Amino acid sequence: MKRPLNERAKAFFINMGRQSRFLRLPAIIGLAVTMLFYQVYDYCRKGTKRFACTIFILCCFMVGNSFSFPVFQEDNGFVSDNEKENTVAAVVASDITLANEQTVAYDELEMLEDEDVLDGYEDAELHGMEGVDKYLLDEIINTEGGEEAKTEVVTESEGEEKGASFDENDWKLVLINKQHPIPEDYTFTLGPIKTIKGTMQCDERIIEELLAMMQAASEDGVNLAICSPYRDLAWQEVLFNRKIKAYMNKGMSYMEAYKISSQAVTVPGASEHQIGLAIDIVSDVYTTLDEGFAETDAGIWLEEHCAEYGFVLRYPKGKEYITSIEFEPWHFRYVGKEAAGVMMKENLCLEEFWEKYL
Ligand SMILES: [Zn+2]
């Protein structure tokens, strides 16, 4: 029986090594190389079909793509001289420059407020629209109950000292932000705040304390003006989209405009105004919703006293990295007196309060 090739090669090299000392090293190398090649050959032989398929696919791939490589094109004469020039020029061109970047100077951009994007609306159309009308205490008709609320303030702040525990299902503490949209099953009743011009709405459970706060402020000589308590989703979307459009008109891309708009106004579906627990407050002498309000008498009064009536500054200065909303000294959120007291004392924003107490 004829011995297989590898056996014969092995025998040949072993024989060679035995013949002379000097031939031993070449024999060992020869033996190793032969074994290696045999192994590879054997491996390929056993998987013939598989390898044939792979090579076939590789060939198809190369043929299919070869025409897109300039070198292949030239070698195969598939390009005209004219084209050749272009191809080569494109490949060697070292002076390719990036498209001019359009930089938007964010510092110079003033943040748009709700009022800034309301052009084009008729006054009549806007009347009654939340977010537009501002009302002073003496323009609000249902002020009865203010006195009662004040006595309540005293009793509840006494209870506060006993140490409070908080319930995460408490409607007063509901956390609404970009990460926590309004729960689908959230329900509340809108109550009217009757004014001389019409009716505003917010969660009925906070009206009494809101009016008590306005009353107390006016006794201290500060005339607060409330605006935009409740906004429905549709109105929230109008404001948001108008802001995006306004920023895009200034040369921003949609993504940039979206990003910056979501800092200035909360994303639709993630606003406390939609559940009637947030109120924008300014004063009779300072009516714009901007950072300057913090320095006014009304802004200072509110910061000092809002917690006594269960309200907190929802987007405080220095907490922007947590709330992801710029400082809004006019935006107050009702959380109840107990929570407001704790948040005030420990300098917590609502997100921090949740992390610590709920
Ligand atoms: Zn607001």
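Trainee: How many bridges join strand S4 to strand S5?
Mentor: Four bridges link S4 (residues 224–227) with S5 (residues 278–283), and the two strands run antiparallel. Keep in mind that this is a predicted model.
Trainee: Okay. Which residue does Cys227 stand opposite in S5?
Mentor: Cys227 faces Asp280 there.
Trainee: And in what order do the five strands of the open sheet come?
Mentor: Reading across, you get S1-S4-S5-S7-S6, with antiparallel pairing. S1 (134–136) and S6 (311–313) are the edge strands; each has a single partner strand, so one side of each has no neighbour in the sheet.
Trainee: How much are neighbouring strands turned against each other?
Mentor: By 40 degrees on average, if you ignore direction.
Trainee: Switching to helices: at roughly what angle do the axes of H9 and H10 cross?
Mentor: Roughly 130 degrees, and the axes come within 8 Å. H9 covers residues 233–249 and H10 covers 254–264. That angle makes H9 oblique to H10.
Trainee: Left-handed or right-handed crossing?
Mentor: The crossing of H9 and H10 is right-handed.
Trainee: Which residues make the contact?
Mentor: From H9, it's Phe240, Lys243, Ile244, Tyr247 and Met248. H10 brings in Tyr254, Ala257, Tyr258, Ile260, Ser261 and Ala264.
Trainee: How do those divide into nonpolar, polar and charged?
Mentor: The contact of H9 with H10 has nine nonpolar residues, one polar and one charged.

How values were computed: Residues numbered from 1 in each chain as written. Predicted model: local features only at pLDDT ≥ 70, side-chain atom pairs only at ≥ 80, totals over all residues. Axes fitted to C-alpha atoms, helices over the stretch in contact; angles between N-to-C directions. Parallel < 35°, antiparallel > 145°, perpendicular 65-115°, else oblique. Left-handed = near helix turned anticlockwise from the far one by under 90°. Contact = placed C-beta atoms within 7 Å. Nonpolar A, V, L, I, M, F, W, Y, C, P; charged D, E, K, R; others polar. Pairing = 2+ DSSP bridges.
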